[in-house]
Amino acid sequence: MDTRNTKVMNRFDVTKRLIAKLKHEEAVIGGIGNTNFDLWAAGHRPQNFYMLGSMGLAFPIALGVALAQPDRRVFALEGDGSLLMQLGALSTIAALKPKNLIMIVMDNGIYQITGAQPTPAAGVADLVAIALASGLTNSAWAADEADFERLVDEAMSADEPSLIALRIDDKPGVGTTRRDPVQIRERFMHGLGVREPL
Amino acid sequence: MAIAEQQTSSQAGPGSGDGSWHSIVLQTLKRNEISLIPYVPDRVLTPLIKNLHADPFFTTFATAREEEAVGIVSGAWMGGRRGAVLMQTSGFATLANTLASLAVPYQIPLIMFVSERGTLGEFNYGQSLVCRTMRPVLDSLALEHHTITRLDELEFITDRSIKQAVTTQAPVALILNPLLTGGKTFDK
């Protein structure tokens, strides 16, 4: 595995670092559980979408947004366990090559929220190697927080989809997303300029 | 999103092609501005998929799983672009969690075309079994669904169902029965 020189970071900290970089109403899709809890805790933005189920679909949902709005950068935050549920999506994205899609994988090797059981990939599989082999040539591990920020900056102007993976610790999410799916969806559509509020 | 105000045509207009079921589906999608078509293929859907690929109005592509396709069109809808998912009966059977945790609670007008296998001459026992789970799942979530058996009803059902899905922000499944498509038989 190519992760041994990467620093173990914290999900909430790197999520805050990412959000601080967003100046152009970029869309952010938060995968289920801790990933979107920390997105919520980093401060709600109208361009945030929070999943409350459908584990593994953060990247496909973000792909749909990216195809609908090619001029907007679209981020997706996904956990390692979630990504393992939908590895085929990496090939779909590699085939379509949406240059405005940026995938971020938070890898702690565990299903933290269900009791910290190890994933089947923990210590065995390299998610960046999987992404590269799936055709996502612009995929990399972030070595530390500064490297993560550098990779995000690069991805913002890339002409192909980007995947950035981070090793993170076993801490739970900091906040708890308000579980109101209709309002989440409606406000996201307002944030993307698709609809006006009543 | 003012599709509700558009006229509801029950006539296949000019450019409806050869009057085949797949030509009618394609034209009805186009008229309703549905341009994003992820699919998991099915033998019966092959002429539709081929013609969608050939038409630059559509962005047509295969996904690895049906769930993925549902996620893609859900994201696209929220971004202002309409899509529909093509799949087979067995593929629909993989969707219960995605329907119950994404499309239904978030009120997304997910438009599904399901090529129906498992009935009217099925030769694979597993297909006939999984087919029996489809309508109970749809009914248990109170989802709108229609089984289309007649060519003369296809355009009306499809056009009206798409418009209803969009205006009521609710999923719909359009089940393409072998009586409409010919289905898949053992000698094919």
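In chain A of this predicted model, six strands build an open sheet in the order E2-E1-E3-E4-E8-E7, with parallel pairing. Helices (H or I, at least four residues) and strands (E, at least two) are DSSP runs, numbered from the N terminus. Two strands pair if DSSP finds at least two bridges between them. Strand E2 (48-50) and strand E7 (139-141) of chain A stand at the edges; each has a single partner strand, so one side of each lacks a neighbour in the sheet. From one strand to the next, the twist averages 15°. Angles run from 0 to 180 degrees between N-to-C directions, and axes are lines fitted to C-alpha atoms, for helices over the stretch in contact.

Residues are numbered from 1 along each chain as its sequence is written, while chains are lettered from A and ligands numbered from 1 in the order in which they are written. Local features need pLDDT of at least 70 and side-chain atom pairs count only at pLDDT 80 or more, whereas totals for chains, interfaces and linings use all residues.

Strand E3 (residues 74-79) of chain A has six of its six residues buried, so it is largely enclosed by the rest of the structure. A residue is buried if 20 or more other C-beta atoms lie within 10 Å of its own, exposed if 12 or fewer, and partly exposed in between, with C-beta atoms placed from the backbone. In a regular strand the side chains alternate between the two faces of the sheet. Val74(A), Ala76(A) and Glu78(A) point one way from E3(A). Phe75(A), Leu77(A) and Gly79(A) point the other way.

Strand E1 (residues 27-30) of chain A pairs with E3(A) in the parallel sense over four bridges. Here Ile29(A) stands opposite Ala76(A). E3(A) is joined to E4(A) by six bridges, and the two run parallel. Glu78(A) stands opposite Val105(A) in E4(A). Val105(A) also has a bridge partner in E8(A), Ala165(A). Strand E4 (residues 101-107) and strand E8 (residues 162-167) of chain A run parallel, joined by six bridges.

Most residues other than glycine have a negative phi, and most peptide bonds are trans. Phi of Glu25(A) is near 55°, a positive value. Glu25(A) lies in the loop between helix H1 (11-20) and E1 of chain A and is partly exposed, with 13 other C-beta atoms within 10 Å. Ser54(A) has a positive phi of about 45°. Ser54(A) is in the loop between E2 and H3 of chain A and is buried, with 27 other C-beta atoms within 10 Å.

Between the chains, 29 residues of chain A are in contact with 26 residues of chain B. Contact requires C-beta atoms, placed from the backbone, within 7 Å. H3(A) supplies the largest share of the chain A side, eight residues. By class, that side has 19 nonpolar, eight polar and two charged residues. Ala, Val, Leu, Ile, Met, Phe, Trp, Tyr, Cys and Pro count as nonpolar, Asp, Glu, Lys and Arg as charged, and the others, Gly among them, as polar.

In chain B, the axes of helix H3 (residues 66-78) and helix H5 (residues 96-103) come within 10 Å and cross at roughly 20°. Glu67(B), Val70(B) and Ser74(B) in H3(B) meet Thr98(B), Leu102(B) and Ala103(B) in H5(B).

Technical notes:
Contact = placed C-beta atoms within 7 Å.
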